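Subject: Structure handover

Hello,

Here is the structure for you to open.

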Amino acid sequence: MERTSPPHCHSEGQLLGSLKGLLTVGTDAGLWIVPTVHAVWFPPNTVHWNRSHGPMEGWTVYISEEACRNLPSQACTIRNSGLLLEAVVRAASWKTGPYDEASLRIARVILDEISTLPSEDFCLPFPRDPRVKRVAQALIDNPSDARDVKTWASWAAVSERTLSRRFVQETGFSFRTYRQRARLLRSLEMLAEGQSVNLIALDLGYATASAFIAVFSQVFGKTPAAYREKMYLRGNG
C-alpha cells in the first residue's frame with residue numbers, strides 16, 4: 001500500500017529511511033530516491049513531502065533544532081551504516097524523555113553518524129530558472145519523452161543554447177544526462193512497485209530490455225532484478 005505525506009515542515013531536523021522498500025522524497029530544491037541502503041536528511045524548517053512505492057517499512061528520527069547546529073545545512077542523502085541503524089532501532093524503544101546518560105550516548109552516536117557518513121548522489125536537483133525548471137519537471141513526469149533539446153527549448157520559449165547551458169549550471173548535469181537520470185530514478189520506483197523489467201524498459205523509452213539493463217547496471221552496479229531483491233532484504237546497509 002502506497003503511503004504519502006503532503007508538503008509540510010517542522011522545527012526539528014529529520015532523518016528518514018526505510019528498512020524495506022523505497023521512498024521518493026522531494027523539496028523545492030530537488031527530488032530524492034531513498035532505497036534501504038540510504039537515508040535522507042532534512043534540516044529544520046525544510047518543506048518536504050514523501051511517497052512510498054510497494055511494500056515498505058520505514059523509520060524516522062527527529063532532532064531538535066539546537067542539536068542540528070553541526071549537521072548538514074542542506075537536504076542530502078547519506079549512506080546508512082550498521083551502527084546508525086542499530087542506534088535508530090534502540091532509540092525507537094525509548095519513551096518520551098527526559099533521557100538517561102545511556103540514552104544520551106546513543107543519541108550522540110546518531111548525531112555523529114549523520115555528520116560523518118558519506119553523502120550519496122541520489123538527488124535530481126531542480127533548476128532555478130523557471131523555464132528550465134518547467135522542462136525538468138516535464139522530464140520527471142514523463143521520462144520516456146524522447147523530444148530533443150531543440151524541441152524542448154522551443155516548448156519552453158528559451159533558446160537551445162540557453163537551455164543546455166542552464167541545465168549544466170543549475171543542476172550539474174547536461175540535458176541528456178538529466179533525462180537519463182530521471183529515467184533511472186523512475187525505474188527504481190517501478191521496480192519497487194513490482195513492474196517487470198521488460199515493461200519498465202518499454203515504458204521508459206529504451207529500445208530493448210537489454211539496453212535498459214546495461215545502463216542500469218553501469219550506474220547502480222547490479223542488474224534491476226538484483227537491485228529489487230536487495231531492496232527487500234532487511235539489514236542490508
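How many nonpolar, polar and charged residues does the lining of the largest pocket have, by class? The lining has 14 nonpolar, 2 polar and 3 charged residues. Ala, Val, Leu, Ile, Met, Phe, Trp, Tyr, Cys and Pro count as nonpolar, Asp, Glu, Lys and Arg as charged, and the others, Gly among them, as polar.

First, the basis. This is a predicted model: local features need pLDDT of at least 70, side-chain atom pairs count only at pLDDT 80 or more, and totals for chains, interfaces and linings use all residues. Residues are numbered from 1 along each chain as its sequence is written, and side-chain values use heavy atoms, without hydrogens and water.

Thr 162, Leu 163, Phe 167, Glu 170 and Thr 171 are the buried residues of H5. Buried means under 20% relative accessible area, exposed over 50%, partly exposed in between (1.4 Å probe, protein chains only). Down the axis of H5, the buried residues fall within an arc of 135 degrees, so they line one face of the helix. The arc uses directions from the helix axis to the C-beta atoms. Arg 161 and Gln 169 are exposed on the other side of H5. Gly 172 follows H5, with a positive phi near 85 degrees.

Best wishes

How values were computed
Helices (H or I, at least four residues) and strands (E, at least two) are DSSP runs, numbered from the N terminus.
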